[in-house]
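Dear colleague,

Please find below the structure I promised to hand over, followed by a summary of what was found in it.

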Amino acid sequence: MSSTKRFARARVSIALAAAMTVWMSSGYAKTDIEPGTPGLNGTGSNPGGTGGIATANATSTDASNTATANGGMGGMGGTAAAGGAGGSASATADGTAAAAGPASDTANATGGGGGNSGTGGGASGGAGALSNAAATGSNSTTDSVTIVAASTGGSGGQGDGAGFEGGAGGNSALGTALLSTVSGSSTGGGSVSVRGEVFGGNGGFGQTGATGGNGAPGVLTSNQVSGTTSGSLQLEQDAYGGDAGGSNGAAGGVAGTGTSHFTLSQNGISSLTGLSVAQGGNGGDSEGAVASGGAAANATISLTSATTGAIAATAAANYFGGGNGLSDGGTITGGTTGTAGAGGTGSATASATGTVSSSVAATANSVAGAGGEVINGVTGNGGAGGNSSVNSTATDGGTGSVTVLGQVIGGAGGQGEGSGSFGGTGGAPSLGSITGSSTGGGAVSIRAAVFGGNGGFGQTGATGGNGASVSLSTVQVSGTTTGGLTLEQDVYAGDAGGSNGAGGGTAGVGISNITLSQNGISSLTGISIAQGGAGGNSENTGASGGGTANATISLTSTTVGAITATAASNYFGGGNGLSAGGNVTSGSGAGGAGAIGNATSTADNTSTGSAFANADAAGGSGGFGSGVGFSGGHGGSATSTATAISVTGEAQATAVAGGGNGGAINNSAIAGTSGFAMTTAVSHGVTVTDFIPAGQGGIAGGQVTWISTSGNTVEVGPGGVNSGQGTVTGPLAHIQTISGTGSLTVGNGTNATDLQFNSFVGGSSQGTLTIAAGSTLDINNDHFFVNYGTNPDPVATIRGYLTSGYNNGSWNGLGIDTSAPTGSLYGVGYADGADGVVAGLTSGQIEIKYTLYGDANLDGVVNGDDFTILAGNLGKSNAVWDQGDFNYDGVVNGDDFTALVGNLGKSASGASIEIPASDIAAINAFAAANGLMTDVPEPTTVALVAFAAGGLLFRRRRRTY
């Protein structure tokens, strides 16, 4: 079985591992190890003998007692004769510690394996033997008690010949005639940890046409572990079904199911932890016939307690390792054709109930088995991955917290082989009830994570298997409390299987939708995550595309606290793929297209509380293309929309989207086009939209924050860096800063928009500025650059916006205006770098700046430099600000001269500057020579003196900001 098909499972016994470790004390320990004698081999045509029985008993008042019994193996059959049965095993450990210190009792019983059939064919293998294990222990101190009992049925022996079969695996049980339970106790209030495990025996192999033997079930259908203490109690019950035996000429055997059901109601303890584990056996492999499927695994647990401490219940189906198999289907190992076995199903249900104020947690994990493979040149379809399901519920009757997790994983499809065949389809996961409640107002947190199975690989011309789609079209997590409620629903679709001679399979689609209206809570948080599967790779043909991902969430509440809604599409990792297109790994072909990612988030607080909406979406990257005439896959597009609504509280909407990259290329293929990205953020009637066209890729982002005392503040582009097409619509909005090569549009021509820069933020810039009819960009007391570069010069359009905003000197018109103080001193000037007037302003730039009337070169002061500019353009029509037209009438005349003289010697900060006497004389002479004396006001802070010969030297100062 390919290790790449298996889900990585590390055994984690939720805080039991340390407690279950056998304590090595300085006191005494009793150990009894009993091996059964092997059965005699059959002579002539006689069957093999039965293995000897093994019984171990370690009973004492020592600190540690260990009993180990291993039944004898059955003897091998004589010529064409059956193998002997294994010998049974029974182990009992019992102790009541006489001295202080931790106590531990461990019993291990393993039934003997069945003997193989004799040579010559025509006989069955011997059956594996039964096993029983029991352990009890106690102490009277506050020290810990650790109990472990493990029972393993013997494996069946090999059968030989058509019509015969491998031996059946032996059953296993907890408890013996002497001890009916596996239990620990502490009368002194010490912690008690008890674990019981049963392992069904594996079926024997079927040789030369014999059928594989059946694996034995591992079954714990009632509470076979228990404990008593006033301290903490930890109980674990594990059941592992035996693997089916394989065959080299017939069908594999039937795998043993794994079943663990655990129900307990216990009071008078400080905390209660329980774990129920079930694991089905693997299907039997086959050569030239039919491989069998993996067996079902079913784990349930239900805990109830009045403890004020923690209660934690975990059910795990095929999730923790340590058993014989993980419900994988059997593999076709040889022959001409065959069908691989399907993965086994998994089911887990967890329930935890606290009746007083305690923290309560319920966790259910279910993993279905992987489909079997077809290998070694055989033609056939890979086995389908198994389906799986979970239910998880927790309740607290007081003010304690409640945490619920349900995680379900579909099995991966197995490898198919040969032209016309397919890799196995990924298994479908499903959610049952995932819910929690706190009647006393404790915090409730609910999370469900659903993983579709991956499609199997297509070997030697087989088509890749399809990844499983996962769709949670309605909210499938729920909770009730008067405190804080957190809900999360995660969907990860399965990846498509690749192929080395045909097309990749179809990637799974991921859909997660949460729509919820819930009142009577202190706060509400929701997260909806969707991720599409990755496309299948291919060799010498086209790779398949990634699967679409759609994540939506809409939360409505009257809470006075916060509502936080987050939708993430292909944005958070952790699933099978990120909707990327498949790659062409060799030869030639087109790369798979990256998939679309969509995210929509709405937080609606109909009370006075705050509302936060976040939407994050990413398109999948295109796959590699290869060969002349082919191309890399196109990057997937991404759209995200966030809407936050609050009556009077703070509201914040943030949307981010990233278009997928175009696929890279090999062997002269054409690069794929990047996907577009579009975001929309809405709050209190203000909308921020950012769009990046396809082919450019990159990330678009928009944000709107509203606080009742300060209005809306918008951010266009991630961090205010906009390289796309940004638009702001709605009523009054503030912007801190914006930069980048993108375009900024204010308004939509239908609804009036007033976008106002915050005070003294240090300047902003964009490649393009558009102000729709009826809207306004308020420059405030800042400045803005239009970096048009080599594009057509938009200075005429900018002048039009400013002329409208000037509004005969009131600076309150549409277009570009300012809300900063103006009067007769200040206005908004502009300069085009193409004019060569403003130092440091390059061709391809326009600067718009709040400054003094008369500041022609926008350096922040009015002095002789500005007068020189005006004087050189006196009488010019179609003039602009940096030529001396300060009142936007298109002519440089006495009105502009008057405005300049009124601010002569001033800086934008209000401070006075020194004007050389020669400059004053030149200005005075210029006025007299051009009949402007009547227009010049009587000097106040600046004296006009008689004209001095020599004229005015032309000087420029570097701009100050």
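**Sheet and aromatic pairs**

Strand S56 (residues 783–787) is paired with strand S59 (residues 845–852) in the antiparallel sense, over 5 bridges. Please note that this is a predicted model. Within this pairing, Phe785 has Glu847 of S59 opposite it.

Both strands belong to an open sheet of 4 strands with mixed pairing, in the order S53-S56-S59-S58. Strands S53 (764–766) and S58 (826–832) each have a single partner strand and stand at the edges, so one side of each lacks a neighbour in the sheet. On average, neighbouring strands here are turned by 20° against each other, direction ignored. Helix H2 (residues 795–806) lies across S56, S58 and S59, and runs at about 175° to S58.

Turning to the aromatic residues, the structure holds 15 aromatic pairs. The ring centres of Phe451 and Tyr492 are 4.8 Å apart with the planes at 15°, so this pair is stacked. Phe451 belongs to strand S28 (residues 444–451) and Tyr492 to strand S32 (residues 484–492), 41 residues apart, and the pair thus links distant parts of the chain. Both residues, Phe451 and Tyr492, are buried.

Phe867 and Phe897 form an edge-to-face pair, with 6.3 Å from centre to centre and 65° between the planes. Because Phe867 lies in helix H3 (residues 864–873) and Phe897 in helix H4 (residues 894–903), the pair ties together parts 30 residues apart in sequence. Phe867 and Phe897 are likewise buried.

Finally, ring pairs join Tyr806, Trp811, Tyr830, Tyr853, Trp881, Phe886 and Tyr888 into a cluster.

With kind regards

How values were computed: Residues are numbered from 1 along each chain as its sequence is written. This is a predicted model: local features need pLDDT of at least 70, side-chain atom pairs count only at pLDDT 80 or more; totals for chains, interfaces and linings use all residues. Side-chain values use heavy atoms; hydrogens and water are left out. Two strands pair if DSSP finds at least two bridges between them. Helices (H or I, at least four residues) and strands (E, at least two) are DSSP runs, numbered from the N terminus. Axes are lines fitted to C-alpha atoms, for helices over the stretch in contact, and angles run from 0 to 180 degrees between N-to-C directions. Contact means heavy atoms within 4.5 Å. Rings of Phe, Tyr and Trp (its six-membered ring) pair if their centres lie within 6.5 Å; planes under 30 degrees apart count as stacked, over 60 as edge-to-face and the rest as tilted. Buried means under 20% relative accessible area, exposed over 50%, partly exposed in between (1.4 Å probe, protein chains only).
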